[in-house]
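Subject: Structure for you to look at

Hi,

Here is the structure I promised to hand over. Please open it alongside this note, and my findings follow below.

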Amino acid sequence: MSLALQTFSTVKDANAALRAAGTRYLGGGTLVVRAANEGDVSVSSLVRVTDPGLSRIAVSSGKARLGASVTMAAIARHPELAALAPAARAIGGPAIRNMATVGGNLFAPAPYGDFAVALLALDATVVTEDGETPIEAFLAGRDTSRAIVTGVGFALPMAKSFRFLKVSRVKPKGVSVLSIAALLELAADDTVASARIALGCMADRPIRATAAEKALLGCTLTPREIAPALAAAPQGTAPITDPIASAWYRAEVLPVHLGRLLLS
Amino acid sequence: MAKVPVQFTLNGSEKAEFIESGTTLLNALRDKIGDTSPKGGCHQGTCGACSVIIDGELRLSCLTLAETCNGADIKTTAGLAEGGVLHPLQRAFLDAFATQCGFCTPGMIMAAKVLLDRTPNPSRDDVVEALSGNICRCTGYEPIIQAVLTAARANSQNAA
């Protein structure tokens, strides 16, 4: 392997170096070193940034800001990020969680990127030196995005309003068949006042289940009332086919697992 | 390709080497330093055979570039035995027949060591979770889980 690693103390300098052809950003290494190990010759040079601010977690006034280098392990053990702990713990085994970062997860192709599914449901913003981008727009344009992600920000969900489910065949840990994150607000009469549902593995990157979101509005979370939302869930999806599951299988089981999540 | 210096502590000994930029820690340990206890299985972060402990945290040496470990404290299974006496985890793996082909064993032991360092009396679920990133194709896992629980009991008896 011949990879040249350049280390910078600031994101600005690293962004300039990242413009060179064949250069990729090195976060935790679980994507880019893996690609190089696999023989991806398009990666010839890596840049990394040692700015400790990229590893900072800030929580105040109901808002959270996670530096791009914050690891899944750091999220899982942070007392004020308990709502996100199930999503962070769903990533890999302990060693991967000590390495995999928030920033990297935004770029992880399906069937990976389960944490980005959670961030999509939370309507996070993605921060770069160019400013802040809503996560949905960021994910849509991530293949051509060149600016280093410095962090993500989101409003911390109220207790019980955020739900996350990762389905895998291998227990206790395995690659996703699919993952679902849902942010639900219930009105005083227990009907759904707002719903934001994100899906992993149902396209090449996390996507929203907008048809199911609309169908849930005004429903109580009972099997009968959520049935139309479950039937609508596969609309607009383009599931991946990989050794874990076929696209057909993922589309078939999505309503089952969404139902379990909503009724849990 | 220009060579770059790396310097870290490996199992209590200072190590300094010149390596090619972009060399993984796994390759630096095995090919340059001669510690072959971490194994190269998948090189994809899936099997856990290359697991080492860096500054107290379990990491995969196949996905870690050696240059990023300057100044780090690295521990591998090769450094566990003291004066010819096996570490309780190594002893328990032998006694429980938790090793068959042995390829996954160093990674399993590193993962188990981090667990026992932080959680001296783990539950079975704790052990399963701690080993969830390490794949074994021989044992069916049960002897490994039992070995870690046995080592934990041996540790707590020694401490009492």
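This is a predicted model: local features need pLDDT of at least 70, side-chain atom pairs count only at pLDDT 80 or more; totals for chains, interfaces and linings use all residues.

Strands β3(B) and β4(B), the latter residues 57–60 of chain B, pair in the antiparallel sense over four bridges. Within the pair, Ile53(B) has Leu58(B) of β4(B) as its bridge partner. Two residues lie between the strands of this hairpin, and Asp55(B) there takes a positive phi near 50°.

Next, a helix in chain B. Helix α1(B) covers residues 25–33. Its buried residues are Leu25(B), Leu26(B), Asn27(B), Ala28(B), Leu29(B) and Ile33(B). What do they pack against? They pack against β1 (3–10) and β2 (13–20) of chain B. After α1(B) comes Gly34(B), with a positive phi near 90°.

Now chain A. It holds eleven helices and twelve strands. The C-alpha trace spans about 60 × 45 × 30 Å along its principal axes. Of the 264 residues in chain A, 47% are buried. Among contacts in chain A with a separation of 6 or more, 60% are between residues 24 or more positions apart.

Chain A is divided into three parts: domain 1 (4–49), domain 2 (52–155) and domain 3 (162–263). Taken over C-alpha atoms, the centres of domain 1 and domain 3 of chain A are separated by 34 Å.

One loop in chain A is worth a look. Pro234(A) is found between α10 (223–232) and α11 (247–263) of chain A. Is Pro234(A) buried or exposed? Pro234(A) counts as buried, because 21 C-beta neighbours lie inside 10 Å. Leaving aside neighbours within four places in sequence, Pro234(A) is in contact with Ala251(A) and Leu254(A). Glu252(A) is 18 residues away from Pro234(A) along the chain, yet their C-alpha atoms are separated by 8.3 Å.

The two chains also meet. Chain A gives 20 residues to the contact and chain B gives 26 residues. On the side of chain A, the elements that give two or more residues are β1 (4–8), α2 (32–37) and α5 (94–99). The largest share, five residues, comes from α5(A). By type, this side of chain A has ten nonpolar, seven polar and three charged residues.

Last, the core. The largest nonpolar core has 131 residues. Which of them touch the most other members? They are Ala118(A), Ala121(A), Ala181(A) and Ala112(B). Helix α3 (residues 105–118) of chain B gives the most to this core, with eight residues. Beyond neighbours within four places in sequence, Ala118(A) is in contact with Leu84(A), Ala87(A), Phe164(A) and Ala181(A).

Best wishes

Methods
Residues are numbered from 1 along each chain as its sequence is written. Chains are lettered from A and ligands numbered from 1 in the order in which they are written. A residue is buried if 20 or more other C-beta atoms lie within 10 Å of its own, exposed if 12 or fewer, and partly exposed in between; C-beta atoms are placed from the backbone. Two residues are in contact if their C-beta atoms, placed from the backbone, lie within 7 Å. Ala, Val, Leu, Ile, Met, Phe, Trp, Tyr, Cys and Pro count as nonpolar, Asp, Glu, Lys and Arg as charged, and the others, Gly among them, as polar. Domain bounds come from an automatic or database domain assignment. A nonpolar core is a set of buried Ala, Val, Leu, Ile, Met, Phe, Trp, Tyr and Cys residues joined through C-beta atoms within 7 Å. Two strands pair if DSSP finds at least two bridges between them.
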